[in-house]
Amino acid sequence: MRKRSITEVDVRGRTVFVRVDFNVPLNDDGRISDETRIRAALPTLEHLAFSGARVVVASHLGRPGGRIQLDLTLDPVARRLSQMLERPVTYNGLTLGEEVDAEKARMKDGDVFLLENLRFHPGEKANDPEFAAALAGGIDIFCNDAFGTCHRRHASIVSIAPRCASAVAGLLVKTEIDQLSPILESDFPQGVLLLGGAKVADKIPLIRNLLGKTGTMLIGGRIAYTFMASRGEPVGASEIEEEMIPHCRDILDKAKKKGIRVFLPVDHVAAVTPEPNITIRMVNRGETIPENMMGLDIGPRTVALFAQELRRADLVVWNGPMGMFEHEVFSAGTIELARALAGSAATVVAGGGDTVAAIRRSGAAEQLTHLSTGGGAALAFLSGETLPGLQVLEDINP
Ligand code: AMP
């Protein structure tokens, strides 16, 4: 899949609307706690400013529900962006209106102007054409560099595109497509599909689309217990999804026929209820989970087994944590597997259930060669879904 990118158009003197994903986590005191998403947009913004474009930057932040929410303004982002770009960033706390139009008209080549949180307006999520037309006012080129939001049919992602004279992909979007497309186009016998998390149904599209592409499938998390139950293995009081058992059985059968190596947990961290301070019990290899207990994390043997597979992989697609990792006592499986990835030269595509957060927490992120930051959008892409944000760019530039 090829998209016309920002480096293929002449931008000098043009006003470019860049949709970025500055949906950064904020501390209680309003400070940015992780600026990865801002950093990810810098190549496009630097290219544009350096090439003499007039750069209008727009993003959403959090879920203000179509209303102004003072703790979700982009003010802290504007200040940080200015430091990171090493140039002034104009920010007036507005997204639309006369003052914004006047500011756009005042801009000189190389200027950067950050609009206020798009989601302060209900039109953003509603993909409202009038809102999109207002955003497109005074704009020559639409540039989508918000890969993580491309699966959303929102005004600044979809409806705005045909309302600008040209529409192109930013460098982050291009990098993600270049990284993810080959996964759908070829097979990876050395690749690993690592699945965890809560709901089997959520994982089915990804599994079905990638089944047979990776030579190995590792399954942990809550979903592992429904897979185990589908094999007739005892799972104690672990929460299983009865209605998904036939699907799990079908997936395991297909995997076997295709010669895919499938690994389920061989040991567990179990407890009577999933509470943080509860007494936990290790259920060792060969033991069964007691009738009154549920599996809440993978055990050390499983970690070692899965880690060995991950270290050999040239591609890792990871969706969902290995346990109820929000509680410290059930977080080791997820964190240890993230650590096992450190130093890996594999392409790592992670998303869902805060998998990316676990990778960052483990310190592995900086040591990965190719870490997709696309999250839900990357997984939707790999599940074979059409992403509205990419589709519109394709429709405009067939
Ligand atoms: P997902 O968004 O489907 O990837 O699911 C993430 C959620 O799965 C997290 O909130 C975890 O707490 C939960 N989870 C993972 N493993 C388990 C488990 N063994 N038992 C209960 N919840 C789990």
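This report walks through a predicted model, from the ligand and its surroundings to strands, rings and a few single residues.

## About the model

Residues are numbered from 1 along each chain as its sequence is written, and side-chain values use heavy atoms, with hydrogens and water left out. Because the model is predicted, local features need pLDDT of at least 70 and side-chain atom pairs count only at pLDDT 80 or more, while totals for chains, interfaces and linings use all residues.

## Around the ligand

Let us start with the ligand. There are 15 residues around it, and A198, K203, R222, G295 and E326 come nearest; a residue is near a molecule or strand if one of its heavy atoms lies within 4 Å of it. The shell divides into five nonpolar, six polar and four charged residues. Here Ala, Val, Leu, Ile, Met, Phe, Trp, Tyr, Cys and Pro count as nonpolar, Asp, Glu, Lys and Arg as charged, and the others, Gly among them, as polar.

A nitrogen atom of the ligand is 3.1 Å from a backbone N or O atom of R222, and a polar backbone atom of G323 lies 3.4 Å from a nitrogen atom of the ligand. Taken alone, the ligand exposes 500 Å², and the protein buries 84% of that. Accessible areas come from the Shrake-Rupley method with a 1.4 Å probe; for residues, only the protein chains shown count as cover.

Now look at strand 10, residues 268–271. Helices (H or I, at least four residues) and strands (E, at least two) are DSSP runs, numbered from the N terminus. H268 and A270 point one way from strand 10, V269 and A271 point the other way, and all are buried. Buried means under 20% relative accessible area, exposed over 50%, and partly exposed in between (1.4 Å probe, protein chains only).

Two strands pair if DSSP finds at least two bridges between them. Strand 10 runs antiparallel to strand 11 (residues 281–283), joined by three bridges, and V269 stands opposite M282 in strand 11. Strand 12 (residues 294–298) is also antiparallel to strand 10, with four bridges. There, A270 has G295 as its bridge partner, and G295 is among the residues that come nearest the ligand.

## One aromatic pair

Rings of Phe, Tyr and Trp (its six-membered ring) pair if their centres lie within 6.5 Å; planes under 30 degrees apart count as stacked, over 60 as edge-to-face and the rest as tilted. By this rule there is one aromatic pair. F17 and F142 form this tilted pair, at 6.1 Å centre to centre with 35 degrees between the planes. F17 lies in strand 1 (residues 15–19) and F142 in strand 5 (residues 141–144), so the pair ties together parts that are 125 residues apart in sequence. F17 is buried at 0% relative accessibility, and F142 is buried with a relative accessible area of 0%.

T214 sits in strand 8 (residues 214–219) and is buried, with a relative accessible area of 4%. The side chain of T214 reaches the backbone oxygen of T216 at 3.1 Å.

E86 has a positive phi of about 55 degrees although it is not a glycine. E86 is found in the loop between helix 2 (75–85) and strand 3 (89–91) and is exposed at 71% relative accessible area.

Notes:
Polar contact = N/O pair within 3.5 Å; in protein donor to acceptor, adjacent residues only side chain to side chain.
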